[in-house]
Amino acid sequence: MTMLSASPDWGRLIQRDRVHGSLYTDEAIFQAELDKIWYRTWVYVGHVSEVPKPNDFVMKSIGPQSVIMTRDREGTVHLLLNRCAHRGAQLCVETKGNRASFTCPYHRWTYNNNGSLRGFAYPDGYQGMDKSQFGLGRVTRVGVYKGFVFGSFAAEGPTLEEYLDGARDALDRLVQTSPEGEVEITAGFLQHRAQSNWKFLVENETDGYHPQFVHESIFSIAKSGIGDLYSSNSTAVARDLGSGHTENDLRPEFRRIGRMLGWFGTTAERLPDYVGRMNASYGEHRAKEIMIDGTPHVMIFPNLFIAEIQIFVIQPVAVDDTIQHVTALQFKGAPDLNRRLRQQTMGSVGPAGFLLADDSEMYERTQRGVHQRAREYNYLGRGLNRERRDSDGFLIGDATDEVTSRGIWRHYRSLMEA
């Protein structure tokens with residue numbers, strides 16, 4: 001595959017129905033993506049439930065950047081860069097904990113968990129020093145929507161609500177799955193590493209064309225009927241939500257079937273406590289609607305994938321190296337539902353799970369494939385002949401159409417050309 005210059009012709013690389021293979025392999029393009037996407041737009045970092053108490057912290061990332069998400073004693077959430085302001089040593093190696101301060105092991109510089117410099121060893125050598133100028137680096141802007149914490153290194157730009165665009169509705173729907181209206185991220189994360197470019201993962205998350213084939217074995221064994229949701233006969237739709245966000249909207253199929261908790265592969269009779277709590281919170285009619293519709297299948301650009309029963313957080317490490325951090329969704333006030341969500345997550349994406357193993361094989365095959373000299377472009381034209389607007393003005397296609405991939409690449413191009 002031809003390597004490109006530092007000033008690529010984006011119009012040639014990204015066309016209406018195809019993208020050039022070098023977009024997945026070129027190191028210069030990857031570095032430009034870090035600058036123009038990962039370090040400039042809003043990026044999902046974590047959830048407030050991961051730091052529930054004052055002085056809690058958890059290690060996170062924005063692309064290759066290591067970030068410490070903390071909650072200070074006043075309850076404010078901070079996103080701090082994991083680098084001592086003295087000589088650059090990594091400050092924290094613990095994955096999570098509770099502490100009011102962080103001390104660098106190299107020269108004992110100590111920082112409060114809001115990022116300010118508290119002090120240092122042998123202070124007589126720093127007389128007259130303004131400690132306020134030597135705090136930890138921080139993510140410039142922090143935004144929270146429905147408990148989901150996003151960060152942006154850009155001092156100016158769209159608000160988080162503006163950036164989320166059409167994806168706000170998906171998060172609104174998600175929290176309604178809880179009788180108390182809150183998501184909790186408390187089940188712990190699995191990490192899956194793929195020797196693949198991060199954009200292959202982003203595209204795949206809302207690609208409705210592959211499930212019947214790539215996941216054929218697990219669907220046939222589980223007899224879940226999920227594969228039928230992604231077929232030429234399905235009433236589900238693929239949707240471009242704007243700003244690079246996309247979804248597979250399965251609600252038309254769930255509504256046609258009309259079974260509560262059908263999206264979860266179970267029945268209301270098996271989760272009577274959850275159903276009772278939902279009825280008490282929303283009323284029987286609205287609760288039934290929520291439990292039929294289920295949770296969204298949405299990719300929030302560039303790194304948060306909500307996949308009905310779990311979330312995936314995508315972390316690019318190198319041009320051909322990506323980590324997926326995966327955990328089961330948990331809903332406040334729904335212990336019986338949460339238990340089954342944990343079990344299903346382990347069965348699908350755990351160490352012995354089939355689902356993510358299937359996808360990872362495709363990620364790595366495509367990464368190897370695009371290095372070939374011909375053909376140079378990946379074709380994304382499926383369903384162009386039937387793209388249309390829904391009642392909210394969003395571009396949609398049939399369940400197996402590539403309207404989602406085209407939406408991702410349109411937004412990607414706008415960011416890279418900016």
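Predicted model: local features only at pLDDT ≥ 70, side-chain atom pairs only at ≥ 80, totals over all residues.
**Entry 1: the largest cavity, by class.** I sorted the lining of the largest cavity by residue class and noted three nonpolar, four polar and six charged residues.

Entry 2: How many cavities of 30 Å³ or more does a search of the whole structure find? I looked it up, and the search finds one. For the largest cavity I wrote down a volume of about 50 Å³.

**Entry 3: who lines it.** I found 13 residues around the largest cavity, and those nearest its centre are Asn 248, Leu 250, Thr 295, Pro 296 and His 297. Strand 16 (245-249) and helix 9 (251-257) are the elements that each give two or more residues to this lining. Strand 16 has the largest share, with three residues.

Entry 4: Next I turned to the second largest pocket, where I noted a volume of about 810 Å³. Which of its lining residues are the closest to its centre? Out of 39, I listed Val 58, Met 59, Lys 60, Thr 95 and Phe 189.

**Entry 5: strands in the pocket lining.** I then checked which elements give two or more residues to the lining of the second largest pocket, and my list reads strand 3 (43-47), strand 4 (56-62), strand 7 (96-98), strand 14 (190-194), strand 19 (310-318) and strand 20 (321-328). Strand 4 supplies the largest share, seven residues.

**Entry 6: the pocket, by class.** To finish, I sorted the lining of the second largest pocket too, and I noted 19 nonpolar, 14 polar and six charged residues.

Conventions:
Residues numbered from 1 in each chain as written. Heavy atoms only, no water. 1 Å grid on protein atoms, 1.4 Å probe; cavity = no way out; pocket = protein on both sides within 12 Å on 5 of 7 lines; lining within 4 Å. Points joined across faces, edges and corners; volume = space filled by probe spheres on them. Helix = DSSP H or I, 4+ residues; strand = E, 2+ residues; numbered from the N terminus. Nonpolar A, V, L, I, M, F, W, Y, C, P; charged D, E, K, R; others polar.
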